[in-house]
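Please read the notes below with the sequence and the model side by side. They are written as numbered points, each of which can be checked against the picture.

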Amino acid sequence: FGSEKKVVISLTGNKKEYLSQIKDWKKFYDYLKEKNFCPIFILDLSLIENISQLKGYNIFFEATWNVQIRAACYQCCFLNIFVGHGPAELCYYNPYTKYISFLKTTSLDYHPNIERSLVGWQIGKDLPFAKKGQKIVWKDDTFENIKREFKKFVKEN
C-alpha cells in the first residue's frame with residue numbers, strides 16, 4: 001500500500017437503519033485517491049454477496065472475517081470512517097483509534113437511537129469518553145457530509 005496515509009472505510013449492508021450509501025462512499029474513495037491517501041474498504045458479511053459493485057477497489061477481506069485483524073487495522077490506520085454499525089463500533093472503545101462515525105439522525109423515532117439512549121448515549125453528542133480524533137456526526141453519509149468531515153479531521157490532526 002505504500003507510504004500514503006491509510007483511511008479505512010467500513011461498509012455495511014445490514015439493516016436499512018445502518019445501510020451505507022455505497023455510491024457516496026465510492027465517490028469518497030476516489031476523492032481520497034486523488035488526494036494521495038490510501039483508502040481501504042472493510043466490508044460487513046452482509047455485503048459479500050454484492051461484492052461485484054466494488055470490483056477494482058482495495059478491499060481488506062481478512063478484516064471482514066477476523067475481528068482481531070479488523071481491530072488491529074482500525075488502530076494502525078490514519079482514520080476510520082463509517083456508518084455506525086456492529087464491527088466498526090470497535091473504534092468507539094479503543095482510545096488509540098481515530099474515527100468519524102455517521103449516525104444518520106438525532107430523531108428518537110429512529111429505532112437505533114432509542115437503543116442508544118437506553119444505554120446512556122446522549123443523542124446528538126460525541127461519546128463522553130471520546131478522545132481527540134474521535135467524532136460522531138449525526139447526519140446522513142452523503143458524499144458532501146463525508147468530505148466535509150474528513151477535511152475538518154485532516155485540518156485538526
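1. In strand β3, the side chains of L79, I81 and V83 point one way while N80 and F82 point the other way, and all of these residues are buried, where buried means under 20% relative accessible area, exposed means over 50%, and partly exposed lies in between, as found with a 1.4 Å probe and protein chains only. In a regular strand the side chains alternate between the two faces of the sheet. Strand β3 covers residues 79-83, and five of its five residues are buried, so that the strand is mostly covered. Strands (E, at least two residues) and helices (H or I, at least four residues) are DSSP runs that are numbered from the N terminus.

2. Please keep in mind that this is a predicted model, in which local features need pLDDT of at least 70 and side-chain atom pairs count only at pLDDT 80 or more, whereas totals for chains, interfaces and linings use all residues. Residues are numbered from 1 along each chain as its sequence is written, and side-chain values use heavy atoms, with hydrogens and water left out.

3. Which strands does β3 join? Strand β1 (residues 6-11) runs parallel to β3 and is joined to it by four bridges, and strand β4 (residues 99-102) also runs parallel to β3, again with four bridges; two strands are said to pair if DSSP finds at least two bridges between them. On the β4 side, the bridge partner of V83 is F102.

4. Strand β1 is also joined to β2, with six bridges between these two parallel strands. Here I9 stands opposite F41 of β2, and L11 stands opposite L43 of β2. Five of the six residues of β1 are buried, so this strand is largely enclosed by the rest of the structure.

5. Strand β2 (residues 38-43) is largely enclosed by the rest of the structure because six of its six residues are buried. Both of its faces are covered, with C38, I40 and I42 on one side and P39, F41 and L43 on the other, all of them buried.

6. Turning to the surface, L45, F61 and W65 form a nonpolar patch whose accessible area together is about 350 Å². Patches are made of residues with over 30% relative accessible area and no salt bridge, where like charges are joined within 9 Å and nonpolar side chains (Val, Leu, Ile, Met, Phe, Trp, Tyr) within 5 Å; a salt bridge is a side-chain nitrogen of Lys or Arg within 4 Å of a carboxyl oxygen of Asp or Glu. Accessible areas come from the Shrake-Rupley method with a 1.4 Å probe, and for residues only the protein chains shown count as cover.

7. How exposed are F61 and W65? F61 is found in helix α3 (residues 61-65) and counts as partly exposed, at 35% relative accessibility. W65 lies in helix α3 as well, and at 59% relative accessibility W65 counts as exposed. Leaving aside neighbours within four places in sequence, W65 is in contact (heavy atoms within 4.5 Å) with L45 and I48. W65 and I42 are 23 residues apart in sequence, and their C-alpha atoms are 9.8 Å apart in space.

8. How many disulfides are there? With a disulfide taken as a pair of cysteine sulfur atoms within 2.5 Å, the count comes to zero. C76 is in no disulfide, as the nearest cysteine sulfur, that of C73, is 7.3 Å away, and C76 is exposed, with a relative accessible area of 68%. C91 is in no disulfide either, with the nearest cysteine sulfur, that of C77, 7.2 Å away, but C91 is buried, with a relative accessible area of 0%.

9. For the chain as a whole, there are six helices and five strands, and from the N terminus on the elements run β-α-α-β-α-α-β-β-α-β-α. Buried residues make up 45% of the 157 residues, and the accessible surface comes to about 8,400 Å², of which 53% belongs to carbon and sulfur atoms. Among contacts between residues at least 6 apart in sequence, 58% join residues at least 24 apart.
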